[in-house]
Amino acid sequence: MSSGTISFEPDDRYHAFLTVCGHAPHRSGKLSGIAVAVKDNISTRGIETTCASKILMGYVPPYDARVVELLKNSGAAIAGKTNMDEFGMGTTTENSAFGPTLNPCDTGCVPGGSSGGSAAAIAGGMVQMALGTDTGGSIRCPAAFCGIVGLKPSYGRVSRYGLIAYANSLEQIGPLGKTVSDVSTLMEVIAGYDRHDSTSHNKPYTHTPGADIKGLKIGIPQEYFGAGVDPAVAAVVKSAIGKLEEIGATAVPCSIPSMEYALAAYYVICTCEASSNLARFDGVRYGPAADTKKSWHDAYKEVRAAGFGTEVRRRIMLGTFALSSGYYGKYYAKAQVARENVRKDFARIFSEVDVIAGPTMPTVAFRLGEKSDPLSMYLADILTVPANLAGIPSISVPCGRAGGMPVGLQIMGRQFEDERVIDVAYAYEQAVT
Amino acid sequence: MVTEKDVHHIAELADVGISPGELGPFTHQFNAILEYFDILDRVQGDAAVPRDLCNIMRGDEVEPSLPQDEVLRNAAAQEEGFIRAPRVM
């Protein structure tokens with residue numbers, strides 16, 4: 001297909017989109033004319049980008065994120081901007097300032113988060129593929145809850161230039177798709193070196209998924225099947241691992257003792273980074289106008305109290321507290337040690353196995369409004385945050401249902417071995433379809 | 001344990017504002033989360049050391065940048081090509 005314009009008029013009954021580009025231009029290329037949805041925390045030149053926050057209402061970026069530039073170069077049509085938890089802070093997409101996204105598998109349930117709009121746009125049949133971001137599970141969780149595929153790439157493999165930052169040391173932009181092949185195709189477009197991202201590595205991705213996993217060793221961490229994990233979910237995932245064994249893999253029990261501290265470490269680090277990153281939203285350069293007649297602190301506080309939602313303010317405050325004088329050693333410094341211990345555990349296990357597998361989420365999708373207590377919401381991220389702390393690639397692939405709702409099989413690999421986790425997911429997908 | 005006074009102080013430091021009605025629930029939730037964070041007191045091990053990392057800076061050379069009018073377009077208050085901000089002093 002040569003360059004042109006596509007009409008994109010989805011029946012968005014799930015509120016997957018915050019902005020729909022009804023007439024989306026595209027160039028010619030590998031993805032010529034394919035509609036791709038982009039999470040609303042990724043900058044798109046000329047298209048409003050809000051991070052699902054009132055504080056960025058009306059903000060129209062003057063430049064494209066590197067991944068958007070690459071999408072356009074590949075011929076993709078930017079179909080719209082998808083709903084999310086405000087600034088990526090959440091596990092359900094209920095923290096959007098513009099209302100929640102519904103799960104296409106059951107509209108009484110959340111789609112997961114924070115890239116819930118991207119996942120629902122795919123699961124609802126509106127687009128074939130989408131971009132999300134994953135700071136502590138925000139691609140894999142909605143992929144699992146909506147029954148689609150989502151990859152958190154290795155840290156450094158995809159440029160973060162133009163991603164509106166929440167927690168720089170943890171987050172990556174990544175692909176979501178209906179199938180593993182879709183995810184692989186989109187990964188090929190977005191991966192690669194970018195001098196505008198100082199954490200970027202020169203590791204392009206040019207890979208065609210292969211389903212041969214004979215001789216592959218899969219680590220099965222006991223912590224991924226222990227307390228807090230719904231036994232029905234654990235059973236579905238165990239049966240999926242059995243399928244991988246049938247086609248030539250060997251399952252090896254293992255343990256990640258540092259998991260005990262991983263979630264606390266993750267929440268200390270991400271809130272500390274958020275408190276710094278979100279200081280830029282002052283109503284001066286973008287966003288709702290600060291009252292320039294007032295003093296700085298009064299004007300700044302007024303804009304932020306009105307513009308940020310409850311969870312965003314909670315995380316900024318937690319980070320401010322954890323970094324404050326007298327508490328730095330107790331929280332931030334200890335969290336960094338815990339993070340190093342998670343890395344060491346993965347390094348030890350990966351010296352003996354090729355990938356690690358377990359459930360993506362401890363449960364299936366929650367009912368809308370089911371979780372109102374912040375701590376119990378945070379605990380839902382326990383199985384996804386270790387990959388972000390260690391910077392390793394991790395994919396979620398649908399592996400059946402529990403209580404009628406989709407379950408995700410999570411496959412983690414060594415840093416920069418994104419190809420391998422994609423192959424394992426592909427092998428599983430091919431074996432069951 | 002943090003008190004409502006502490007939470008009010010943190011909200012002031014972070015410039016996010018807090019209403020009287022929010023103080024109670026915020027303090028309660030804060031304490032539950034901080035109590036969970038206490039697990040980090042038991043972490044053993046050496047401090048993280050960065051490896052294979054170096055600071056990556058480009059040369060200090062002028063490169064093409066975005067046009068001034070495009071950059072200013074998102075600012076609510078402008079004056080003669082500058083962005084108007086509340087007074088700091």
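In the predicted model, the contact between the two chains draws 50 residues from chain A and 36 residues from chain B. On the chain B side, the elements that each give two or more residues are helix 1 (4–14), helix 2 (20–37) and helix 3 (68–72). Of these, helix 2 of chain B makes the greatest contribution, with six residues. Sorted by class, the side of chain B that touches chain A comprises 25 nonpolar residues, seven charged residues and four polar residues. For the complex, the predictor reports a pTM of 0.97 and an ipTM of 0.94.

The architecture of chain B consists of three helices and two strands, arranged along the sequence in the pattern α-α-α-β-β. Chain B is more spread out than a compact globule, because its radius of gyration, 23 Å, is well over the 12 Å that the globule rule gives for 89 residues. The C-alpha trace of chain B extends over about 50 × 45 × 25 Å along its principal axes. Of the 89 residues in chain B, 15% are buried.

Confidence was examined for chain B as a whole and by element. The mean pLDDT of chain B is 90, and 92% of the residues score at least 70. Among the elements of chain B, helix 2 has the highest mean pLDDT, at 97, whereas strand 1 (residues 78–79) has the lowest, at 90.

Within helix 2 of chain B lies B:Leu23. The C-beta atom of B:Leu23 has 16 others within 10 Å, and the residue is therefore partly exposed, a count that falls between the limits of 12 or fewer for exposed residues and 20 or more for buried ones. When residues up to four places away in sequence are left aside, B:Leu23 touches B:Glu4, B:Val7, B:His8 and B:Ile18. Three of these partners, B:Glu4, B:Val7 and B:His8, fall within the range of helix 1 (4–14) of chain B.

Note on methods. Residues numbered from 1 in each chain as written. Chains lettered and ligands numbered in written order. Predicted model: local features only at pLDDT ≥ 70, side-chain atom pairs only at ≥ 80, totals over all residues. Contact = placed C-beta atoms within 7 Å. Helix = DSSP H or I, 4+ residues; strand = E, 2+ residues; numbered from the N terminus. Nonpolar A, V, L, I, M, F, W, Y, C, P; charged D, E, K, R; others polar. Rg over C-alpha atoms; globule rule 2.2 N^0.38 Å. pLDDT = per-residue confidence, 0-100.
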